[in-house]
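Here is a walk through one protein structure, taken a step at a time. Keep the sequence and the view at hand as you read.

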Amino acid sequence: MVEFQEGQQTRRGIPIMDFSHEMVVLGRDGQLHTLRGNARERVRTLPTPYEPATILEMRSNLQKEFGRDFEVLSTQHFLVVQPRGRGKRWPEMFEQSHRAFVNYMSRRGVKIRRGRFPMVAVVMPDESAMYSELKRMEVNAKRVAGIYALESNRVITHDGGHLRYIGATLRHEAAHQSAYNYNVHSRVVVTPRWVTEGIGQMFEPEAMVSGQSGLKIRERVNLDSLTVIRREFGSDLSSDFSDAIRDLIGSDQMFVNSKTTSKAYAVAWSMMFYMAEREPQAFSKVLAGTNRRGTYQPYDRFARLSDFERWVGTDIDQFASKVGWFLKSL
Ligand SMILES: [Zn+2]
């Protein structure tokens, strides 16, 4: 175990990656810390083995961190930090989303393994309090309803709006948290964004978590994504659709460019949803294959494309036509 300084705090954790200029440390509470410069030089090695924090320890640290206006509720899989007196609504919702996620994935043969840390969900009283919290965490967020932050491993949302409005985003972010904590993805592996965001988009529809996900496929469709695809590619899906799929498999650029971001999310959804519903073996191979790669190992275009074709067992044009037929059947 090592000891390091972060702000005024002394923390402990285990090094995940050790470069001369930078060290990445997994804290005892499951947060990832990147230490550079001075902080990197002042890291001290301790003669004790790494041990994750206990739930009681994490709970009491969260209570200290957020202060007496908040309460920390412990459920089977979560520690939920919320303003005092908000009852069980939030904890139940996080539990329900998570159970639905595990259920959906297991049925498709995806290997789920419980993580070492309880998942932390933070509910701020309103939108502006949420933004101050995100600023404190140095997280740059564009979504108003909430986010999952990879480094802190927390979902942060707020209680100031209607759940009906923020629900889809919240289910998306909760799916990221479940995926990263239950070994569907790894937080220290470079995962192509179409894989992670495809999963996030898949869990936006309410039917995915309402316990009805075994019913009609139509109800599991992400209508926002489907609408974007029809707008971008027309209802009979132009050949651009195949190019978009190839772009997304090869690189994350379509997500990065703000002009193509919504297209990227939508096409990523269609790829993952198609596989989950029609080719679960390919679906679980893509997830297992991307998860198995080495810690922070770079992933170039050529490797991304050839891995994909191997996992899915067809070339990309053929895959794109199958996704296209599937979308038309919806
Ligand atoms: Zn996302």
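Start inside the protein, at the second largest cavity. Its lining is made of Ser97, Phe101, Arg171, Ala174, Ala175, Ser178, Phe203 and Val209. Keep in mind that this is a predicted model. The space in this cavity is about 30 Å³. Which helices supply at least two residues each to its lining? They are helix H3, residues 89-107, and helix H5. H5 gives the most, with four residues. By class, the lining divides into five nonpolar residues, two polar and one charged.

A search of the whole structure finds two cavities of 30 Å³ or more. The largest cavity has a volume of about 40 Å³. Around it stand Pro192, Trp194, Ile249, Val286, Thr290, Tyr299, Arg304, Phe308 and Trp311. Two elements give two or more residues to this lining: helix H12 (280-291) and helix H13 (301-312). H13 gives the most, with three residues. Seven residues of the lining are nonpolar, one is polar and one is charged.

His172 sits in helix H5 (residues 163-181), and Glu197 sits in helix H6 (residues 193-202). The two are 25 residues apart, and the pair links distant parts of the chain.

Are His172 and Glu197 buried or exposed? The cut-off for buried is under 20% relative accessible area. His172 has a relative accessibility of 1%, so His172 counts as buried. Glu197 has a relative accessible area of 9%, so Glu197 is buried too.

H5 comes up again at the second largest pocket. This pocket has a volume of about 420 Å³. It is lined by 18 residues, and the closest to its centre are Arg116, Phe117, Tyr180, Ser186 and Arg187. Strand S2 (9-18) and H5 are the elements that give two or more residues to the lining. Eight of the lining residues are nonpolar, six are polar and four are charged. Which domains each give at least three residues to this lining? They are domain 1 (2-45) and domain 2 (55-181).

Strand S3, residues 22-27, pairs with S4 in the antiparallel sense over five bridges. Within that pairing, Val24 stands opposite Thr34 in S4. Strands of a sheet pair through backbone hydrogen bonds, either parallel or antiparallel.

Thr54 lies in the loop between S5 and helix H2 (55-66). With a relative accessible area of 44%, Thr54 is partly exposed. How far apart in space are Thr54 and Pro118, C-alpha to C-alpha? The distance is 9.1 Å, although Thr54 and Pro118 are 64 residues apart in sequence.

Finish with a hairpin. Strand S9 (residues 146-149) pairs with strand S10 (residues 154-158) in the antiparallel sense, over four bridges. Gly146 has Thr157 in S10 as its bridge partner. Four residues lie between the strands of the hairpin, and Asn153 takes a positive phi near 65 degrees. Both faces of S9 are covered. Gly146 and Tyr148 are buried on one side, and Ile147 and Ala149 are buried on the other.

Technical notes. Residues are numbered from 1 along each chain as its sequence is written. This is a predicted model: local features need pLDDT of at least 70, side-chain atom pairs count only at pLDDT 80 or more; totals for chains, interfaces and linings use all residues. Side-chain values use heavy atoms; hydrogens and water are left out. Buried means under 20% relative accessible area, exposed over 50%, partly exposed in between (1.4 Å probe, protein chains only). Two strands pair if DSSP finds at least two bridges between them. On a 1 Å grid over the protein atoms alone, a cavity is a set of points where a 1.4 Å probe fits but cannot get out, and a pocket is an open set with protein on both sides within 12 Å along at least five of seven lines; lining residues have an atom within 4 Å of a point. Grid points are joined across faces, edges and corners, and a volume is the space filled by probe spheres set on the points. Ala, Val, Leu, Ile, Met, Phe, Trp, Tyr, Cys and Pro count as nonpolar, Asp, Glu, Lys and Arg as charged, and the others, Gly among them, as polar. Domain bounds come from an automatic or database domain assignment.
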